[in-house]
Amino acid sequence: MPTHDEIYQKVQATLVDALGVDDDDVTREATLQGDLGAESIDFLDIVFRLERNFGITIPRGELFPENIVPDADTVKDGKLTTKGVEELKARMPFADLTAFAANPEVDRIGDLYTVDMLVNYVSTKLAAK
Amino acid sequence: MRWIWIDKFLEFRSREFARAVKNLTLAEEHLHDHFPGYPVMPASLMIEGLAQTGGILVGEASGFTEKVVLAKIPKAEFFGIATVGDQLIYEVTLLDLRAEGAIVEGKVLLRGELLAEVEIVFAFLDKSRAQQLFGDKNFVFTPQMLGILDMARASGVAKSSSQPS
């Protein structure tokens with residue numbers, strides 16, 4: 001089992017290849033979309049590369065959940081309700097929702113996709129192998 | 001002009017690999033404009049040839065039930081040029097195939113030398129959304145496009161997953 005830092009370095013190299021960014025830009029806190037300029041189709045490319053580089057299987061929607069805002073019960077006035085935040089936590093247990101939960105605007109969900117989130121996800125998958 | 005940028009398959013192994021040939025001739029209009037007096041095959045059209053080779057390889061894997069679209073080119077490197085009278089060989093290897101799409105590695109060869117290396121990500125259009133937009137029509141795999149694979153099958157070049165290798 002590689003260390004957290006070794007996983008980070010490999011994730012960093014993965015994102016450099018997938019997004020054409022400099023490795024200096026791929027800090028742990030960097031958001032994939034806001035800081036690294038990832039678009040929706042890049043998520044598919046990232047999934048391909050993570051699977052290949054780490055030898056893991058990533059089921060559809062597990063790393064980047066689809067239909068993340070399912071119904072009116074979980075969203076009110078552009079923000080996730082308490083139930084919505086709990087559902088998001090359940091679907092993304094590898095993401096740190098601490099800051100997000102304080103102001104759970106739907107538009108900020110994309111900020112949860114950080115480099116650190118990918119490292120945590122890969123660590124979880126490798127530990128389960 | 002027909003938007004078909006490969007002439008025929010030389011080899012087709014389902015879910016694995018495809019090799020196609022593209023001959024460049026002065027009968028092609030675009031070569032007279034790119035460039036006048038110096039006809040050079042545009043790099044973008046070589047990528048299109050690889051995408052068609054790879055797109056058919058990816059589409060065949062699901063029996064052409066998916067609408068396979070070129071989504072991203074993470075890498076494209078060219079090491080030379082090709083001109084009229086040249087014969088390009090497109091080789092595409094399927095690296096990964098999943099429910100949402102596929103990734104392939106493509107090479108362009110000219111006289112046995114590597115002319116270009118390209119990575120292509122294909123996405124499958126969401127079926128319900130594609131049905132709303134396009135109905136039953138599969139605008140990706142037209143009869144003309146699939147005819148190239150039919151010719152390869154007829155000549156024994158193509159091996160589908162259901163056929164013994």
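Tutor: Gladly. This is a predicted model. Of the 129 residues in chain A, 26% count as buried.

Student: Why would one call the radius of gyration of chain A in agreement with a compact globule?

Tutor: A compact globule of 129 residues would have a radius of gyration near 14 Å, and chain A has 15 Å, which agrees. The C-alpha trace of chain A spans about 40 × 30 × 25 Å along its principal axes.

Student: What does the secondary structure of chain A come to?

Tutor: Chain A has five helices and two strands. Along the sequence they follow the pattern α-α-β-β-α-α-α.

Student: And into which domains is chain A divided?

Tutor: Domain 1 of chain A covers 1–64 + 113–129, and domain 2 of chain A covers 67–112. Their C-alpha centres lie 21 Å apart.

Student: How many residues does each domain of chain A give to the contact?

Tutor: Nine residues come from domain 1 of chain A and five residues from domain 2 of chain A. On the domain 1 side, three are nonpolar, six are polar and none is charged.

Student: Changing topic: how many residues do chain A and chain B give to their contact?

Tutor: Chain B gives ten residues and chain A gives nine residues. On the chain B side, β3 (68–78), β5 (101–110) and β6 (113–124) of chain B give two or more residues each.

Student: Which of these gives the most?

Tutor: That is β3(B), with three residues. By class, the side of chain B that touches chain A has six nonpolar, one polar and three charged residues.

Technical notes:
Residues are numbered from 1 along each chain as its sequence is written. Chains are lettered from A and ligands numbered from 1 in the order in which they are written. This is a predicted model: local features need pLDDT of at least 70, side-chain atom pairs count only at pLDDT 80 or more; totals for chains, interfaces and linings use all residues. Two residues are in contact if their C-beta atoms, placed from the backbone, lie within 7 Å. Helices (H or I, at least four residues) and strands (E, at least two) are DSSP runs, numbered from the N terminus. Ala, Val, Leu, Ile, Met, Phe, Trp, Tyr, Cys and Pro count as nonpolar, Asp, Glu, Lys and Arg as charged, and the others, Gly among them, as polar. Domain bounds come from an automatic or database domain assignment. The radius of gyration is taken over C-alpha atoms; the globule rule is 2.2 Å times the number of residues to the power 0.38. A residue is buried if 20 or more other C-beta atoms lie within 10 Å of its own, exposed if 12 or fewer, and partly exposed in between; C-beta atoms are placed from the backbone.
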